[in-house]
Amino acid sequence: MQTQAPRSVAEAEAIQDELRPLLDLTGPGPRRPSLVAGVDVAYAGDRLAAAVAVLDGGTLEVVEQVTVGAPVAFDYVPGLLAFRELPALLDALGRLTVTPDLIVCDGYGLAHPRRFGLACHLGVLTGLPAIGVGKTAFVGSYAEPGPERGSASDLTLDGEVVGRVLRTRDGVKPVFVSVGHRVDLDTACHNVLALTPSYRLPETTRVADRLSRRALAGL
DNA sequence: GCGACAG
DNA sequence: ATCTTGTCGC
């Protein structure tokens, strides 16, 4: 019932091309989600820990947390990050007792060489609205957004807008937002700003990040 | 052909 | 991702 682990790069790319048609890019997606899930993965040698943190979309308080440990089963290859993190993340998401209205991923969605980054993959497999928030540039070109929080510029790839470079804090390096599944770009950015009242990264990913590291450390 | 390259 | 000290600033 699950996509089996690919044995090669070519096989992994073929899976992405096969799943891409299942993407729902009609939006708009939740503008006031009551539950938002943040996902992240931490590594240590040949082991990894996946974490899911569900926050109240209004208060940003943590509602539920889940972590899952597993062996690393796929080497990191730019463009194929999902095959490294997806299995454990799906496992963790499956153990939630609540269903989030939106999933915020660490990384990219549509802004991807084959238009099928981690956020798209996770969205399609779970059927839930998902967006990607990357910390560094990956694909596409862009102009530096204005210095104030809320400023943004288009992330363009092959002549099309695949994401947005968004400043979440005054004078701080911007983040790279792209759509994953069942959410449009405006709604994605709106949610990212709502999730970043004090820091550069969404509270969801900050909580998931801490959680995954502590799980690795054995706490 | 040679680099660059989410995490 | 991870390996790592000190340092600037609120």
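1. Leu157 stands opposite Glu160 of strand 7. Strand 6 and strand 7 (residues 160-166) pair antiparallel, over six bridges. Pairing here requires that DSSP finds at least two bridges between the two strands. Helices (H or I, at least four residues) and strands (E, at least two) are DSSP runs, counted from the N terminus.

2. A word on the basis of these remarks. The model is predicted: local features need pLDDT of at least 70 and side-chain atom pairs count only at pLDDT 80 or more, while totals for chains, interfaces and linings use all residues. Residues are numbered from 1 along each chain as its sequence is written, chains are lettered from A and ligands numbered from 1 in the order in which they are written, and side-chain values use heavy atoms, with hydrogens and water left out.

3. The sheet is open and has eight strands, in the order 3-2-1-4-5-8-7-6, with mixed pairing. Strand 3 and strand 6 (152-157) are at the edges; each has a single partner strand, so one side of each lacks a neighbour in the sheet. On average, neighbouring strands are turned by 25° against each other, direction ignored. Helix 5 (residues 203-217) packs on this sheet and touches strand 1, strand 2, strand 3 and strand 4. The direction of helix 5 makes about 145° with that of strand 2. Axes are lines fitted to C-alpha atoms, for helices over the stretch in contact; angles between N-to-C directions run from 0 to 180 degrees.

4. Strand 1 has two partners to check. With strand 2 it runs antiparallel, joined by 10 bridges. Val41 has Ala50 of strand 2 as its bridge partner. Two residues separate the strands in this hairpin, and Gly45 takes a positive phi near 65° there. With strand 4, strand 1 pairs in the parallel sense over three bridges. Gly38 has Val104 of strand 4 as its bridge partner.

5. Is strand 1 enclosed or open? Eight of its 10 residues are buried, so strand 1 is largely enclosed by the rest of the structure. Buried means under 20% relative accessible area, exposed over 50%, and partly exposed in between (1.4 Å probe, protein chains only).

6. The largest nonpolar core has 26 residues. Val39, Val52, Leu89, Leu93, Ile103, Cys105 and Leu122 have the most contacts inside it. At least two residues of this core come from each of strand 1 (35-44), strand 2 (47-56), strand 3 (62-71), helix 2 (82-94), strand 4 (102-106) and helix 3 (118-126). Helix 2 gives the most, with seven residues. A core here is a set of buried Ala, Val, Leu, Ile, Met, Phe, Trp, Tyr and Cys residues joined through side-chain atoms within 4.5 Å.

7. Leu93 shows how these elements meet. Setting aside residues up to four places away in sequence, Leu93 touches Val39, Val52, Ile103, Leu122 and Thr126. Contact means heavy atoms within 4.5 Å. A second, separate core has 20 residues, among them Leu185, Ala188, Val207 and Ala208.

8. Helix 2 is mostly covered, with 10 of its 13 residues buried. Its buried residues include Phe83, Arg84, Glu85 and Leu90. The cover includes helix 1 (9-19), strand 1, strand 2, strand 3, strand 4 and helix 3. From first C-alpha to last, helix 2 reaches 17 Å, close to the 18 Å expected at 1.5 Å a residue. That expected span is 1.5 Å times one less than the number of residues.

9. Arg164 lies in strand 7. It counts as buried, at 19% relative accessibility. Its side chain makes a polar contact of 3.0 Å with that of Asp186. A polar contact is a pair of N or O atoms within 3.5 Å; within protein, one must be able to donate a hydrogen and the other to accept it, and residues adjacent in sequence count only if both atoms are side-chain atoms. Beyond four places in sequence, the contacts of Arg164 include Asp154, Phe176, Leu185 and Cys189.

10. Arg200 is in the loop between helix 4 (185-194) and helix 5. At 18% relative accessibility, Arg200 is buried. Which backbone oxygens does the side chain of Arg200 reach? That of Lys135 at 2.7 Å, and that of Pro174 at 2.9 Å. Outside four places in sequence, Arg200 also contacts residues including Thr168, Arg169 and Val172.

11. Arg213 is in helix 5. At 54% relative accessibility, Arg213 counts as exposed.
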